[in-house]
Amino acid sequence: MADLDLLTQSLARNVRRWRTERGFTLDALAARAGVSRGMLIQIEQARTNPSLGTVVKIGDALGVSITTLLDWEQGPTVRVVPAEQAVRLWHTDAGSFSRLLAGREAPGPLEMWQWRLMPGESSPSDPHPTGTVELVHVTAGELTLTVDGVAHRVPAGASASFESDTPHTYGNEGEEPMEMIMAVSVPPVR
């Protein structure tokens, strides 16, 4: 089967799967995504190859990534992400960074991150959707985790969990680099 055929079949299967899991009718998803009901029917029946813009709109409306919608791998749901494929999404000249290590839809997005913050640096975050939860485990240094204006010190070897639907900041007020692993769970779109 050609790559385009694989992608068309995967998109059909995954749009139908996520629409059903979210409890959306064709009309409801069409309204949320801003695409026609007819286009959704053609996509779910693998009779069309929609534009990237249409796939993005559908993914946003379902609360899943384009990668999830186009995933054509069959078989066990084990996905190994080689170290060189981890995506660095944020960094500073001083050496601070965050790197997305792995992610899943379970039933909403679930992500695992590696972070390094150099001394004196911080990274503020806007509130995430209601119901979002984060877990952090500090492996080196000390994290200053500020949630809704209240600072919490999390030393190496300690972990913390919090609801991240309020403003929060990851900071390093120490003298050495702070490193942590973080998991973020976002509730599914309803």
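The following is a dialogue on how terms are applied in a predicted model.

Biologist: What are the ground rules for the numbers?

Modeller: This is a predicted model, in which local features need pLDDT of at least 70 and side-chain atom pairs count only at pLDDT 80 or more, while totals for chains, interfaces and linings use all residues. Residues are numbered from 1 along each chain as its sequence is written, and side-chain values use heavy atoms, with hydrogens and water left out.

Biologist: How do you know how many helices and strands the protein has?

Modeller: Helices are DSSP runs of H or I with at least four residues, and strands are runs of E with at least two, numbered from the N terminus. By that rule the protein has five helices and 10 strands. Its C-alpha atoms fill a box of roughly 60 × 35 × 30 Å along the principal axes.

Biologist: Where does UniProt place the feature "domain: HTH cro/C1-type"?

Modeller: The unreviewed UniProt entry puts it at residues 15–69. UniProt positions are given in the numbering used here, feature names are shortened, and annotations may be inferred rather than shown by experiment. In the model, residues 15–69 are 71% helix and 0% strand, with the end C-alpha atoms 6 Å apart.

Biologist: Which class does Asp148 fall into?

Modeller: Asp148 has a relative accessible area of 55%, so the residue is exposed. Asp148 sits in the loop between β6 and β7 and has a positive phi of about 55° although it is not a glycine.

Biologist: What about Ala46, and where does it lie?

Modeller: Ala46 lies in the loop between α3 (37–44) and α4 (52–62). Its phi is near 55°, a positive value in a residue other than glycine. With a relative accessible area of 21%, Ala46 is partly exposed.

Biologist: Which residues is Val147 in contact with, leaving aside its neighbours within four places in sequence?

Modeller: Contact means heavy atoms within 4.5 Å. On that basis Val147 is in contact with His152, Phe162, Glu163, Thr166, Pro167 and His168. For the protein, among contacts between residues at least 6 apart in sequence, 63% join residues at least 24 apart.

Biologist: And what does Ser185 touch?

Modeller: Ser185 is found in strand β10 (residues 178–185). Residues up to four places away in sequence not counted, Ser185 touches Pro109, Leu110, Gly131, Thr132 and Val133. At 32% relative accessibility, Ser185 counts as partly exposed.

Biologist: What makes two strands a pair?

Modeller: Two strands pair if DSSP finds at least two bridges between them. Strands of a sheet pair through backbone hydrogen bonds, either parallel or antiparallel. Strand β6 (residues 142–147) and β7 have six bridges in the antiparallel sense, and the partner of Leu145 in β7 is His152. Four bridges join β4 to strand β9 (residues 168–171), also running antiparallel; there Ser125 has His168 as its bridge partner.

Biologist: In what order do the four strands of the open sheet lie?

Modeller: The order is β4-β9-β6-β7, with antiparallel pairing. The edge strands are β4 (122–125) and β7 (150–155), because each pairs on one side only.

Biologist: What is the partner of strand β5 (residues 133–140)?

Modeller: Strand β5 pairs with β8 in the antiparallel sense over five bridges, and Glu134 has Phe162 in β8 as its bridge partner. Strand β8 (residues 159–163) has a covered face, Ala160 and Phe162, and an uncovered one, Ser159, Ser161 and Glu163.

Key: Buried means under 20% relative accessible area, exposed over 50%, partly exposed in between (1.4 Å probe, protein chains only).
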